[in-house]
Amino acid sequence: MRTRDANKEIIIKQKAIEMIVSQGFDGLSMHKLAKASGVSVATIYIYFKDRESLLQQLFTEESRKMAEATLVNFDPESHFDEGLKVQWLNRMKYCMENQHSMTFMEQFKHSPLVDRSVMERRFLDAMSKFVHTAIERKELIPLPVEIYWSIAFGPMYQLVKFHIAKTSMPGRPPFIFDEEKINLTLSLVIKALKP
């Protein structure tokens with residue numbers, strides 16, 4: 001039996017994420033991944049049963065990291081305005097410090113290639129408690145979860161993408177998501193979600 005090398009496994013995962021971010025799912029083959037990682041194809045199969053299990057493991061691990069980052073100093077029983085602000089700042093910090101991970105996760109949002117039900121239970125429970133408590137306190141209007149999520153976080157993720165890419169609307173200078181713009185956007189989002 002061949003021995004496992006934790007460093008090789010880390011490199012394989014990093015290279016797989018880089019390839020998916022730069023070339024999409026179709027750009028990831030085990031042969032290309034082996035070459036980029038400096039290992040043989042056989043070595044990759046020591047760590048991952050097949051391409052699908054590699055994708056699922058990457059998605060599960062990146063989801064867990066993002067969930068843990070989002071929950072830092074987050075109290076699901078906090079007032080809606082404060083709880084949403086903590087989540088915004090945590091999610092923004094994670095995305096800006098882990099740009100490959102953010103782009104990687106974006107690609108999986110609507111992909112049938114992974115089982116998205118593996119999201120960490122602690123994260124899902126905290127988000128559910130936060131929303132339901134805010135509705136009970138009349139700090140948040142009841143909405144289908146897809147509409148709530150799109151209003152609560154869609155603007156933040158889009159502006160983070162502008163900031164990271166150093167782009168904006170055509171003909172505009174690069175967008176900088178500074179504290180003033182964060183507070184402005186967050187106040188508009190909270191206003192839209194108030195009863």
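User: How many of the 195 residues of the protein count as buried?

Analyst: A residue is called buried under 20% relative accessible area, exposed over 50% and partly exposed in between, using a 1.4 Å probe and protein chains only; of the 195 residues here, 40% count as buried. This is a predicted model, in which local features need pLDDT of at least 70 and side-chain atom pairs count only at pLDDT 80 or more, while totals for chains, interfaces and linings use all residues. Residues are numbered from 1 along each chain as its sequence is written, and side-chain values use heavy atoms, with hydrogens and water left out.

User: Which elements does the protein have?

Analyst: Helices (H or I, at least four residues) and strands (E, at least two) are DSSP runs numbered from the N terminus; the protein has nine helices and zero strands.

User: How should I read the buried residues of α8?

Analyst: An α-helix has 3.6 residues a turn, so residues three or four places apart point the same way. In α8, which covers residues 145–165, the buried residues include Tyr148, Ala152, Met156, Leu159 and Val160. Their cover includes α4 (51–70), α5 (80–97), α6 (99–108), α7 (121–136) and α9 (179–193), where contact means heavy atoms within 4.5 Å.

User: Where does α8 kink?

Analyst: A bend is the angle between axes fitted to the seven residues ending at a residue and the seven starting there; in α8 a kink of about 45° lies at Phe153, shortly before the proline Pro155. Phe153 is also buried. After α8 comes Lys166, with a positive phi near 55°.

Definitions and conventions. Expected span 1.5 Å × (residues − 1).
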